[in-house]
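Subject: Structure handover and notes

Hello,

Please read the notes with the structure open.

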Protein chains: 2
Amino acid sequence: MNLTILGCYAATPRTITNPTSQVLEIRNRMFLIDCGEGTQVQLRKNKIKFSKISHIFISHLHGDHLYGLVGLVSTYMLLGRVADLHIYGPKGIKEIITLQLKLSNSWTNYNLYFHELTSKESETVFEDDNVIVKTIPLKHRIYTNGFLFQEKFTERKLDINAVLNYEIDQVYYQKIKNGSDITLEDGRVIPNSELTFDPEPSKSYAFCSDTLYNEEMLPIIQDVDVLYHESTFLETEAVLAQKTMHSTAKEAARIALKANAKNLVLGHYSTRYESILKFKEEAETIFPNVLLGNDGESFSF
Amino acid sequence: MNLTILGCYAATPRTITNPTSQVLEIRNRMFLIDCGEGTQVQLRKNKIKFSKISHIFISHLHGDHLYGLVGLVSTYMLLGRVADLHIYGPKGIKEIITLQLKLSNSWTNYNLYFHELTSKESETVFEDDNVIVKTIPLKHRIYTNGFLFQEKFTERKLDINAVLNYEIDQVYYQKIKNGSDITLEDGRVIPNSELTFDPEPSKSYAFCSDTLYNEEMLPIIQDVDVLYHESTFLETEAVLAQKTMHSTAKEAARIALKANAKNLVLGHYSTRYESILKFKEEAETIFPNVLLGNDGESFSF
C-alpha cells in the first residue's frame with residue numbers, strides 16, 4: 001500500500017503548496033482521492049502514470065478538493081483515454097462537470113460514470129475482488145465523506161517446499177491457497193497449516209478530510225492501519241477550528257488513538273503557519289506514530 | 001502598456017507550461033485576459049498584485065482558457081476582497097461559476113458582475129475615462145471573442161515654462177491640456193500650440209485567441225500597436241490547424257501584416273513542439289516585428 005500526497009494544504013493554492021489530492025496504490029489499483037486545482041500537474045510532477053487511475057473519490061464540493069477535476073477529465077479526453085472513469089462524490093458533482101463539458105462542446109471519448117453520494121450513513125461505494133471502499137460520514141460545513149479503503153482477505157502463501165515434498169499436483173495449488181486441506185492418493189489428509197504460511201494481513205487506509213472532531217467515525221475506522229486525518233489548525237486556533245468545522249492536530253491524534261490506528265498522517269494545514277513541524281509535535285503529545293503529510297511525499301505501509 | 005504572459009500553451013497544463021492567461025497593464029489599470037487552470041498560482045509566481053484586477057475577460061469556454069477562473073474567484077473571497085469584480089465572457093460563464101459557488105455553499109463577499117457576450121459583431125464591452133475595450137469576433141469551434149484594448153485620446157502635455165511666462169492662472173491648466181487656446185487679460189489670444197506639447201500617442205493591444213485565420217478581424221484591429229495572435233501550429237501542421245480551427249505562425253504573421261500592426265506576439269503553442277523558436281522563424285518570413293510569447297515573459301510597449 002503506497003500513499004502519495006499530491007497536495008495537503010487548505011484553501012488557496014500557492015506557489016509552493018497545493019490543495020488536497022492524493023493517490024492511493026493498493027493491490028495494484030490506483031485511486032485518486034480529492035482533486036484540488038493543479039492536481040493534474042502534481043500528478044505529472046510526481047511521475048504518476050495517471051492513465052492507470054479509473055476511480056476518483058471526491059470528499060466534498062469545496063474548491064480546494066474539487067477544482068482540478070474538470071481539467072483532469074478534459075486532459076484524459078485530449079490524451080485519447082478509452083478506459084472507463086468512475087467519479088464518486090456528493091450530489092451535484094455530475095452537474096458541475098457535465099455543464100462545463102457541454103458549454104465547451106467537448107464530450108469525453110471514454111465512458112464517464114458519476115456515483116453521486118447522498119447518504120448520511122457509511123455505505124460501500126466500490127468493491128472488486130481485492131479492495132472495498134466505504135464512505136466515512138464527516139462533519140463539515142457542507143455534505144462531506146471520508147473514504148475507507150480496505151484490502152479484502154488475502155489468500156494464504158504456498159509453502160513451495162512442503163507441496164513439492166508431498167508431490168501435490170499444481171492443479172491443487174489455488175485450492176490450498178484458499179485454505180483447503182489436501183487428501184493424498186494414499187489417503188493421508190495433510191492439514192492446510194502444513195502447506196501454507198499465513199497471508200499478508202489485509203491493510204486499510206482511512207481518508208478523513210474535512211471534518212470537525214467527530215467520534216462518530218470511530219466504529220468505521222477502528223484498527224485502521226493508516227489514518228489520514230485533517231489538522232487544519234493547531235490547538236492555539238481551536239476556536240477557529242470549531243467555527244470553521246475543522247480539526248486541530250491534537251484532535252486528529254485523539255481520533256487516531258481512540259480508533260487504535262497504527263499510523264496517523266496529518267494534512268490540510270492552514271497556510272497561516274510558517275512551518276508544519278509543530279503539527280507533528282502537537283499530535284505526538286497524544287499519539288506516537290505521527291507522519292507529517294507534505295506535498296510530493298510518499299509513504300509505503 | 002505592459003503585457004505579462006502567465007501562460008501561452010494550448011490544451012493541457014504541464015509541469016513546465018501553462019494554459020492561456022495574461023495580464024495587461026494599461027494606464028494603471030490591470031486587466032486579466034483568459035484564466036486557464038493554475039492562473040492564480042502563475043499570478044503569484046509572477047508577483048502580480050492581483051487584488052488590483054477588477055476586470056477579467058474570457059475569450060471562450062474551452063478549459064484551457066477558463067478552468068482557473070472559479071478558483072481565482074474563490075481565492076478573492078478567502079482573501080477578503082471587497083472591491084467589485086467584473087467578468088466578461090460567453091453566455092454560460094455565469095452559470096458555470098455560480099453553480100460551483102452554490103454547491104460549495106460559498107458566496108463572494110464582494111460584488112461579482114457577469115457580462116455575458118452573445119453578439120457576433122464587435123461591440124464595446126468596457127469603457128472608462130482612460131481605456132475602451134471592444135470584442136473581436138473570432139472563428140473557432142465554439143463562440144469566441146478576442147479583445148481590443150485601446151487607450152483613449154490623451155490630453156496634451158502642458159509646457160510649464162510657457163504658461164508661467166504668460167502668467168496664466170492654474171485654473172486654466174486643464175482647459176489648456178484639453179486643447180483650448182487662452183485669451184489673456186490684455187486681450188491677446190495665445191494659441192494652444194504655444195502652451196502645450198503633443199500628447200503621448202494612444203496605444204492599443206489586440207488579443208486574438210483561439211481562431212482560424214480570419215481576415216474579417218482586420219478592420220477592427222487595423223494599425224494596432226501590439227497584436228497577440230494565436231499560433232497553435234507551424235505550417236507543417238496547416239491541415240490540422242484548419243481542422244481544429246486554429247492558426248499557424250505564418251497565418252498569424254499574415255494577419256499582423258495586413259492589419260499593419262506594429263508588433264506581433266505569438267502564443268497558444270501546441271505542446272507537440274519541443275522548441276518554440278521555429279514559430280518566430282516562420283512568422284518572420286512574413287512580418288518583421290515578431291515577439292515570442294512565453295510563460296512568465298513580460299513586454300513593455
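Among contacts in chain A between residues at least 6 apart in sequence, what percentage join residues at least 24 apart? The figure is 63%. Please keep in mind throughout that this is a predicted model.

Chain A overall

Chain A has 301 residues, and 57% of them are buried. Its secondary structure consists of nine helices and 18 strands. The C-alpha trace of chain A spans about 75 × 55 × 35 Å along its principal axes.

Helix α2 of chain A

Helix α2 of chain A, residues 69–78, is mostly covered, with nine of its ten residues buried. Those buried residues are A:Leu69, A:Val70, A:Gly71, A:Leu72, A:Val73, A:Ser74, A:Thr75, A:Tyr76 and A:Met77. After α2(A) comes A:Gly80, which has a positive phi, near 75°.

Strands β7 (residues 124–127) and β8 (residues 131–138) of chain A run antiparallel and are joined by three bridges.

Helix α9 of chain B

Which residues of helix α9 of chain B are buried? In this helix, residues 277–284, they are B:Phe279, B:Glu282 and B:Ala283. These residues lie on the same side of α9(B), because the arc they cover around the axis is only 95°. The exposed residues B:Leu277, B:Lys278 and B:Glu281 are on the other side of α9(B). The cover over the buried residues of α9(B) includes α8 (249–258), β16 (263–267) and β17 (290–292) of chain B.

The loop between α9 and β17 of chain B contains B:Pro288. Is B:Pro288 buried or exposed? Its relative accessible area is 57%, and the cut-off for exposed is over 50%, so B:Pro288 counts as exposed. The C-alpha atom of B:Pro288 is separated by 9.2 Å from that of B:Lys262, and the two residues are 26 apart along the chain.

The cavity

Rolling a probe the size of a water molecule over the atoms shows where empty space is left. Here the count is one cavity of 30 Å³ or more. The largest cavity has a volume of about 30 Å³.

Which residues line the largest cavity? From chain A there is A:Gln100, and from chain B there are B:Leu66, B:Tyr67, B:Leu69, B:Val70, B:Ile96, B:Ile97 and B:Gln100. Two elements of chain B, α2 (69–78) and α3 (93–103), each give two or more residues to this lining. The largest share, three residues, comes from α3(B). By class, the lining has six nonpolar and two polar residues, and no charged ones.

Regards

Conventions: Residues numbered from 1 in each chain as written. Chains lettered and ligands numbered in written order. Predicted model: local features only at pLDDT ≥ 70, side-chain atom pairs only at ≥ 80, totals over all residues. Heavy atoms only, no water. Buried < 20%, exposed > 50% of the residue type's maximum accessible area, 1.4 Å probe, protein only. Helix = DSSP H or I, 4+ residues; strand = E, 2+ residues; numbered from the N terminus. Arc of directions from axis to C-beta. Contact = heavy atoms within 4.5 Å. 1 Å grid on protein atoms, 1.4 Å probe; cavity = no way out; pocket = protein on both sides within 12 Å on 5 of 7 lines; lining within 4 Å. Points joined across faces, edges and corners; volume = space filled by probe spheres on them. Nonpolar A, V, L, I, M, F, W, Y, C, P; charged D, E, K, R; others polar. Pairing = 2+ DSSP bridges.
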